[in-house]
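This report examines a single protein chain through its surface, its core and its charged contacts. The sequence and structure are shown first.

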Amino acid sequence: MGFDFKKYIPLNWKTKMPTNLEWEVHNLVAYKEKKEKFAKGEISYDELHAFEMKYKESQDQREFRWQQHNQNIELQKQIASDYQQWKQYGSKWLGQMMDKGRQLLISKWWWRKPKKPVGKGAMHQSPITGQWHQEHKPDNRMSIRKWLDAANHGQAFKGKKNFNPDVLKLDKPTPDMLLKSQEADKERKQKKWELILDATNNFGKGFQTIDRTPPGAGGGTPRQVRVTFSDPRVYGGRDKSATAENITAKNNKKK
């Protein structure tokens, strides 16, 4: 029997955090301004170092970031391995993974081709991971110098769909743009809210009630109520006796 070296390898040897891993500094905007001031000589190195120590991530955050980095690498490797297995064995392997409950990493875009998001570039699928990307295909070839000159005059995207050079010259959005943005934001929030309600079955309360208030709302918070025509506050509520059978019976009695 050979030497079992696995007994002497630590369990966390793959994800053990190295000692030379750089520390991240939070509050990035202020940190960038501090570094610019230090480069200009407006502040000393001690002030910059004091700022870094104040907003430096904790040890737990650093270890979690390193662990998350390794988990993402392992996840990408698993997705690539599953894609290769699907390419080789097809629906047979897919059925086995579905039976085992491993359908979360299986993507429908392995066998479907997505639409072009923008432009005329063709869509290409990676033979390793199955991910799609669009090649860069400009409409008109021009040098960087000409493109920069066109950008300075608001003509860089001339010929594109819905191109409006006046928009590029605006210092701030117009009232119509703000109104469209607000309406689109409301629509996105409404769709997100409806998806949350459907996924949680109205947070476990069901849809037979009119209460749509999210959990955790305090006593002083107004309740969110979805008003329907069956609500008793609307026209006195729905007449439950007005069914098709009752209406037919009343008409027969009158005859």
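Trp-147 counts as partly exposed, since its relative accessibility is 36%. The model discussed here is predicted. Trp-147 is placed in helix 5, which spans residues 144-152. On the surface, Trp-147 belongs to a nonpolar patch together with Met-142, Ile-144, Leu-148 and Phe-157. The accessible area of these residues together is about 520 Å².

Lys-146 is also found in helix 5. With a relative accessibility of 58%, Lys-146 counts as exposed, because the threshold for that class is over 50%.

## Overall architecture

The chain contains 8 helices and 2 strands. In sequence order, the elements follow the pattern α-α-α-α-β-β-α-α-α-α.

Of the 255 residues in the chain, 15% are buried. The accessible surface of the chain amounts to about 21800 Å², and carbon and sulfur atoms hold 55% of this surface.

Helix 4 covers residues 91-99, and its residues Trp-93, Leu-94 and Met-97 are buried. These residues lie on the same side of helix 4 because they cover an arc of only 100 degrees around the axis. An α-helix has 3.6 residues a turn, so residues three or four places apart point the same way.

The other side of helix 4 carries the exposed residues Ser-91, Lys-92 and Asp-99. The buried residues of helix 4, in turn, pack against helix 3, which comprises residues 59-89. Just after helix 4, Gly-101 adopts a positive phi of about 80 degrees.

Which residues form the largest nonpolar core? This core has 7 residues, namely Tyr-83, Trp-86, Trp-93, Leu-94, Met-97, Ile-106 and Trp-110. At least two residues of the core come from each of helix 3 and helix 4. The greatest contribution is that of helix 4, which gives 3 residues. Met-97, one of the core residues, touches Arg-102, Gln-103 and Ile-106 when residues up to four places away in sequence are not counted.

Asp-82 is located in helix 3. Is Asp-82 buried or exposed? Its relative accessible area is 3%, so Asp-82 is buried under the criterion of under 20%. Leaving aside residues up to four places away in sequence, Asp-82 touches Trp-93, Arg-102, Leu-105 and Trp-110. Two of these contacts, Trp-93 and Trp-110, are themselves members of the nonpolar core.

## Salt bridges

How many salt bridges does the structure hold? There are 5 salt bridges. Asp-185 is paired with Arg-188, and the closest N and O atoms of this salt bridge are 3.6 Å apart. Arg-188 and Asp-185 are separated by about one helical turn, because they are 3 residues apart in helix 7 (residues 175-200). Asp-185 also forms a salt bridge with Lys-189, where the closest N and O atoms are 3.4 Å apart. Lys-189 and Asp-185 are both in helix 7, 4 residues apart, or about one turn of the helix. Asp-185 is partly exposed at a relative accessible area of 28%. Arg-188 counts as exposed at 52% relative accessibility, and Lys-189 is exposed as well, with a relative accessible area of 55%.

A further salt bridge joins Glu-187 to Lys-191, with the closest N and O atoms 3.6 Å apart. Both Glu-187 and Lys-191 lie in helix 7, 4 residues apart, which is about one turn of the helix. Glu-187 is partly exposed, with a relative accessible area of 45%, and Lys-191 is partly exposed with 48%. Elsewhere, Glu-24, Glu-57 and Arg-65 are linked in a network of salt bridges.

Methods
Residues numbered from 1 in each chain as written. Predicted model: local features only at pLDDT ≥ 70, side-chain atom pairs only at ≥ 80, totals over all residues. Heavy atoms only, no water. Patch = residues over 30% accessible without salt bridge, like charges linked within 9 Å, V, L, I, M, F, W, Y side chains within 5 Å. Areas by Shrake-Rupley, 256 points an atom, 1.4 Å probe, with all protein chains shown as cover. Salt bridge = Lys/Arg side-chain N within 4 Å of Asp/Glu carboxyl O. Buried < 20%, exposed > 50% of the residue type's maximum accessible area, 1.4 Å probe, protein only. Arc of directions from axis to C-beta. Contact = heavy atoms within 4.5 Å. Core = buried A, V, L, I, M, F, W, Y, C linked by side-chain atoms within 4.5 Å.
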